[in-house]
Every structure is written in structure tokens, then in C-alpha cells.
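Let's walk through this one together, one question at a time. Have the sequence and the 3D view open as you read.

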Amino acid sequence: MKLQNFWLLGFMLSTSCSSEGNECDFPDVDNGKIAQYYYIFKKFYFPMKEGSKLSVSCSAGYIFQSGRQEDEITCTSEGWEPPAICFKKCLRPSIPNGFVHNAKELYKPFDTTEYSCHEGFMTTNGDSSETINCTSGQWLPPPGCHQKTDSCETPPLTNGYYVTTRKSFRVMETVQYQCNEGYYTATGTSADWVECLPRGWSSTPSCTKMACGRLETVENGGFYPVKPSYTERDVVQFYCKENYSIKGSELIQCYSFGWDPQPPICEERKNKCPPPPRPAHGILLSSLTLHRVGDKAHYDCDDNYMLIGPEQIHCENGHWTTPPSCVQLKQKIICDKPPQIENGNAVRSLEVYNSGDAIQYKCTDGYEIEGPKEITCKKGKWPEPPKCIVNNKYCLTPPVLIKGELVETPLASYEDGSSVEYKCHSFHLMEGSKTVYCERGAWSDLPKCLKPCTLTAADMKERNLELQWSSDLHSNFLHGDMVEFQCMDGFELPMYTEVKGLCKNGQIQYPTCKKKASLKSCGPPPKVEHSINNSSQEVYESGSLVVYHCSEYHFLNGHSTIQCSNGLWESPPTCIEPCVLSTEEMDRSHVRLKWSVDSNYFLHGEFVDFLCKPGYENYEYAITFGLRGQCRFGYLTYPKCIPRQG
């Protein structure tokens with residue numbers, strides 16, 4: 001009963017379409033599907049005629065660009081319209097320390113939303129709020145709220161190193177990092193700078209093994225995932241906007257030599273031809289899914305059929321030129337004898353082979369087949385047969401390791417699965433596994449022996465360097481060791497740069513010291529009242545220091561040390577006079593000291609506690625610490641007591 005319903009539906013679809021016009025093949029639905037019976041009876045329903053309609057539903061979590069879970073596509077002269085592409089929806093972004101404005105649970109492709117950060121936090125761009133876009137199921141740029149800070153700690157860095165040993169940096173300061181050989185920064189360079197911002201580092205330092213660079217923007221389309229750079233084996237998928245189609249491959253992959261195939265483009269759907277017509281018993285050799293003006297379609301016929309008409313037709317002004325036809329031959333085409341192969345033979349099952357017949361091959365013991373084991377005769381001719389190659393289960397003597405050698409004496413041959421070990425010469429560091437295996441007649445990859453480094457006086461002199469420790473001059477440094485230098489007299493390095501060199505496979509990466517700029521000297525340091533200093537010269541070189549000391553009981557306000565910088569002294573401190581305790585003032589205020597003191601002098605800022613004399617009480621009893629005075633700039637304030645009432 002169900003089968004009858006399917007045939008009835010197929011009859012209704014075919015009768016509702018016009019008898020003339022273009023046809024549409026079975027649609028490829030990305031992340032979606034059509035009714036199951038179309039898959040079961042694909043050959044019966046397709047190709048469909050122009051004007052036919054199909055309902056398409058997207059898989060869970062995907063929707064059409066229109067925002068609907070289900071949509072209808074129509075067979076037109078341009079193919080199926082709109083394109084049956086289901087885009088992944090975006091979930092409501094979860095943003096710690098922030099919130100989304102007018103949040104929804106789900107968002108359509110290309111939707112935008114805005115989020116803001118709580119007080120004390122900021123977005124990735126350093127603002128209080130930011131707009132993000134739903135692209136291929138993910139939010140771009142990635143949302144996040146970062147805590148405002150006045151300093152940054154250097155994050156861990158693999159496959160690279162920082163050019164300084166400092167771990168903490170203030171806002172506006174920068175740090176440089178360097179990637180190891182074969183690794184690159186997010187911008188595709190071997191080194192980069194990052195800046196400490198109030199939200200943290202301007203970008204996270206990273207070193208990756210980059211094989212392919214950034215992809216250019218696709219006009220009228222896009223791709224995902226979107227990354228600054230890509231590593232080997234990364235796959236990128238492209239898509240086009242409505243009314244545009246992909247010219248080229250939808251998927252490309254990153255290899256060691258770059259992208260393959262090349263990135264496609266999106267072109268407008270116009271002046272294109274429908275799928276080429278398929279004559280009875282004809283074979284369409286073209287594999288294109290979209291056909292543009294000037295494209296060609298090549299034809300052949302089934303076995304024992306002859307092609308009548310042109311072998312190829314052209315797409316012109318949205319239509320194909322007249323296709324050929326295939327006519328059955330009255331007599332089958334007899335094929336030549338099957339070709340022979342070395343170290344193998346054809347397994348014959350027939351005395352005479354006609355066009356369309358197939359034959360299999362097998363190899364003799366000790367050999368294995370290379371290529372398809374079965375070939376088919378076409379138009380009386382056999383294609384190239386397979387080959388029988390030696391099934392090599394042994395490996396020859398292991399290869400020579402540069403700057404290294406085998407641990408044991410090598411043999412003439414090794415069985416499959418055997419292994420040998422290598423060691424490096426003195427002071428050479430091994431990179432990779434010391435064990436190498438015999439696999440299907442070939443040895444696995446050898447390790448490398450990285451060279452040590454030696455210093456040369458000429459290299460150091462060229463860069464205005466000398467060794468921090470003289471004992472290092474004739475030493476060998478292993479790959480990865482750091483060599484400590486110091487600048488020669490009269491030379492210096494930029495601030496925050498260490499005078500160190502890294503040994504990398506026989507080469508030392510030397511720093512370079514530059515000549516110091518000539519700076520102006522200073523005269524005698526400024527005089528400070530009630531102080532003495534350690535100055536005894538009339539002229540001080542730039543960088544010189546002078547220390548001030550205040551007289552007894554005088555308070556030092558500011559830094560005790562000042563420096564001469566290119567002809568100018570830093571601002572000196574001041575010495576603030578002490579306060580002298582007055583018995584006359586205490587008598588007038590009817591107070592006495594709460595505690596005994598060793599001296600009548602009090603430093604600037606010190607507090608003095610008092611008590612009222614007998615028969616008197618605190619005039620300012622409501623004020624906390626009312627019977628306390630403070631020495632300020634040589635003047636002591638005294639509390640007041642009045643005669644006790646009653």
C-alpha cells in the first residue's frame with residue numbers, strides 16, 4: 001500500500017510540472033534533508049522538471065538564512081532556488097562579568113547583538129560594550145569581559161621564549177617574544193611585540209607551526225573557521241550569500257606547501273545553464289555542478305553503443321547546444337586479448353571478451369598488486385593493467401645519521417618491525433626519537449643531532465660585547481643554552497633587554513650593544529635648608545646620585561636621593577622643622593602631658609597626648625581624641641580644658 005502511495009505522489013509531481021524546460025538533479029542539502037522516500041526512489045523522481053517544488057528541513061541546531069527550520073525550494077532554469085543550505089544557529093553567549101542586551105536563547109545566521117561588561121571590566125577591544133555577529137554557529141569577534149588592571153604577568157609560551165626574564169609589566173609597557181625555528185606568531189612572523197593594556201595583554205603570545213597564511217575576505221560570501229593563520233591539515237568550508245554560487249571547491253585544505261585547491265569565489269547566478277541533458281545510454285563526462293556561459297559538456301556512450309552527433313556541447317546564453325544521441329550497434333565489439341603483466345597473470349573466465357566485459361589480475365607469491373585488480377574493456381580496447389611489485393618485508397642497512405652513529409654494529413638486513421638506536425656525538429643534542437623502526441621495507445624518520453655553539457672574539461667585537469664570565473671563552477654551549485654577555489665600555493642595550501645570546505643548532509644569536517649617547521653633566525646639587533648632603537664636587541656626570549640628610553629632629557619630606565639626568569637634577573626633598581613643647585601654652589590651656597617624654601622636640605606629623613589639670617575638664621569632650629595635638633610644619637596644636645562645672 002505504501003509503495004502505491006509513493007508512485008501516486010511521483011505521478012502528481014511529474015504531472016504538475018511543465019513538459020518542456022530545464023531539469024534539476026537530486027539536491028545536495030547541507031546539514032538538512034528531504035523526505036525519505038526521495039532517497040529510496042531517487043532514480044524514479046529525479047531529475048525533476050522546471051517548476052517542481054521540494055520541502056527541505058534542516059537538522060537540529062540548523063536553520064535556513066530566512067530563519068525557518070523548514071523551507072521550500074523550486075527547480076528553475078538556474079537550478080534549485082533558493083540554495084538548500086542550512087546554517088548553524090548561535091546560542092545566547094555566556095559572558096562572565098558581563099551581560100547581553102535583549103538576550104534571546106537562539107540567534108539566526110548573520111544576526112548581531114550587543115553585550116556590556118560590569119564595572120571594573122572591559123571588552124576585548126577595550127570598551128565597555130561591543131557588537132558581535134553570528135557566523136557559522138559562532139560569535140565573532142569572540143565576546144569576553146576582562147578585568148581592568150595596572151599590570152600584566154607574562155603568560156606561559158611554548159615553542160618560543162621571551163627576550164627578557166622580567167615577569168611583570170606595567171600598563172603601556174611592551175615585551176618582545178621570539179618563536180623557535182619552524183614556528184610563527186599569530187601574525188605569521190618569527191617574533192612579535194605585545195603591549196600591557198588595562199584589560200590585559202593586547203594579544204596572547206603564541207608560537208604555532210604555520211603552514212598557510214590568513215585567507216582573504218570572500219566577496220558576497222564567507223568561510224569558517226576564521227583564524228589569523230592555519231596549520232597543516234586544517235580544513236576550511238566556504239559559503240555564498242543568497243543569489244550567489246561558489247565557483248571552485250567548497251572545501252579546501254592546508255598542506256605543507258599551501259592551500260589546495262585554491263580558494264573559490266562567489267559569483268552571481270545569471271547566464272548559467274541547467275544540468276546538461278542526458279541522452280539514453282549516454283555517459284556525461286563533465287563533473288561540474290554549475291555550468292556557466294562557455295562551459296563544455298563531454299559525452300560518451302555505453303558499451304556497444306555508438307555516438308551520433310558532437311562529442312561535446314556548449315553553454316550559450318543559458319541554454320545548451322544540441323546534444324548527441326547513442327545508437328545500439330547491431331554486433332558487439334570484440335576486444336583484443338587481455339594484456340599480460342610481469343610477475344602475475346590475468347584470471348580468464350571467457351574465451352572471447354566483448355566491449356564492457358571485465359577481467360581480474362593476481363600476482364605470484366612474493367609480489368603484491370599496485371593499481372585496480374580489475375579492468376574493463378571499452379570500445380574494443382583494454383586500459384593499462386595493474387603492476388605486480390615486490391612485497392618487501394625487509395629493510396636494508398639503516399641510514400647514516402649526520403653528527404651521530406648507531407649504538408650497535410649494523411646488520412645487512414632487518415625484518416619488518418625491527419628497531420635500532422642512534423646516539424649523537426659529544427656536545428650534540430638529539431632532537432626526536434633515538435629509536436628508528438623498519439616498517440614495510442623502509443626506515444622511519446631519523447632524529448637530528450643539533451650542533452653545539454662556540455664563541456668567537458670577532459663576533460663579539462663586531463657587536464660591542466664582552467663575556468660576563470671569562471671562563472666561557474673556550475667552552476662548548478649546547479643547543480638551547482644561554483650565554484651571558486656585557487656591553488663594552490661606552491656601549492649599552494635598550495631598556496629591558498638582556499645581554500644574553502641563545503645557542504640554536506650551532507649558531508649563537510648575539511645581542512648588539514649600541515654606543516651610548518653623550519649626556520650633559522650637572523653642577524652642584526640644589527641646597528636644602530636644615531640639611532646636609534654628600535656632595536663635594538663642582539661637576540657631576542649624568543647618572544650621578546646625591547644623598548640628603550636632615551638636621552636632628554627635622555623631618556625628611558620626599559626622596560633622600562636625587563639623580564643627575566642629562567644636565568638636570570631631580571627635585572630635592574625638604575626638611576620640615578620640629579615642634580618645641582611650650583609649658584606656657586600648656587598652662588594657658590590648663591593641660592599637662594599624658595606620658596613622660598625624653599625630649600621637648602616632636603617631629604612633623606607626630607601626635608602628643610594631653611590630660612586636663614585637676615579641676616578642669618575637656619572643652620571639646622564630644623570630639624574623638626579631643627586631648628591630642630599634632631605637630632604640623634613646626635607648630636603644635638594644644639587642646640583646651642575649662643574649669644569643671646559644679
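Q: Which residue in β12 stands opposite glycine 98?
A: This is a predicted model, so the pairing is read from predicted coordinates. Strand β10 (residues 98–100) pairs with strand β12 (residues 112–117) in the antiparallel sense, over three bridges. In that pairing, the residue opposite glycine 98 is cysteine 117.

Q: What is the bridge partner of threonine 112 in β14?
A: Strand β12 also pairs with strand β14 (residues 129–135). These two run antiparallel and are joined by five bridges. For threonine 112, the bridge partner in β14 is asparagine 133.

Q: Which cysteine is joined to cysteine 90 by a disulfide?
A: The protein has 18 disulfides by the distance rule. In one of them, the S to S distance is 2.1 Å and cysteine 90 is a partner. This pair links distant parts of the chain, with cysteine 90 in strand β9 (residues 90–91) and its partner in strand β14, 44 residues apart. That partner is cysteine 134.

Q: Is the link of cysteine 90 and cysteine 134 right-handed or left-handed?
A: Look along the S-S bond of this pair. The angle about the bond is 90°. The link of cysteine 90 and cysteine 134 is therefore, with that 90°, right-handed.

Q: Is the link of cysteine 424 and cysteine 449 right-handed or left-handed?
A: The sulfur atoms of cysteine 424 and cysteine 449 are 2.1 Å apart and form a disulfide. With -85° about the S-S bond, the link is left-handed.

Q: How many residues apart in sequence are the parts tied together by cysteine 579 and cysteine 631?
A: A disulfide with an S to S distance of 2.1 Å joins cysteine 579 to cysteine 631. The torsion about its S-S bond is about 90°, so the disulfide is right-handed. Cysteine 579 lies in strand β64 (residues 579–580) and cysteine 631 in strand β69 (residues 628–632), so the parts tied together are apart in sequence by 52 residues.

Q: With which side chain does the side chain of aspartate 71 make a polar contact?
A: Aspartate 71 lies in strand β6 (residues 70–76), and at 16% relative accessibility this residue counts as buried. Leaving out residues up to four places away in sequence, aspartate 71 touches Leu54, Ser55, Val56, Phe64 and Ser66. The polar contact of its side chain, at 3.1 Å, is with the side chain of arginine 68.

Q: What is the radius of gyration of the protein?
A: The protein has five helices and 71 strands. For 646 residues the globule rule gives 26 Å, and the protein is well over that, so it is more spread out than a compact globule. Its C-alpha atoms fill a box of roughly 145 × 80 × 45 Å along the principal axes. The radius of gyration is 43 Å.

Methods
Residues are numbered from 1 along each chain as its sequence is written. This is a predicted model: local features need pLDDT of at least 70, side-chain atom pairs count only at pLDDT 80 or more; totals for chains, interfaces and linings use all residues. Side-chain values use heavy atoms; hydrogens and water are left out. Two strands pair if DSSP finds at least two bridges between them. Helices (H or I, at least four residues) and strands (E, at least two) are DSSP runs, numbered from the N terminus. A disulfide is a pair of cysteine sulfur atoms within 2.5 Å. Buried means under 20% relative accessible area, exposed over 50%, partly exposed in between (1.4 Å probe, protein chains only). A polar contact is a pair of N or O atoms within 3.5 Å; within protein, one must be able to donate a hydrogen and the other to accept it, and residues adjacent in sequence count only if both atoms are side-chain atoms. Contact means heavy atoms within 4.5 Å. The radius of gyration is taken over C-alpha atoms; the globule rule is 2.2 Å times the number of residues to the power 0.38.
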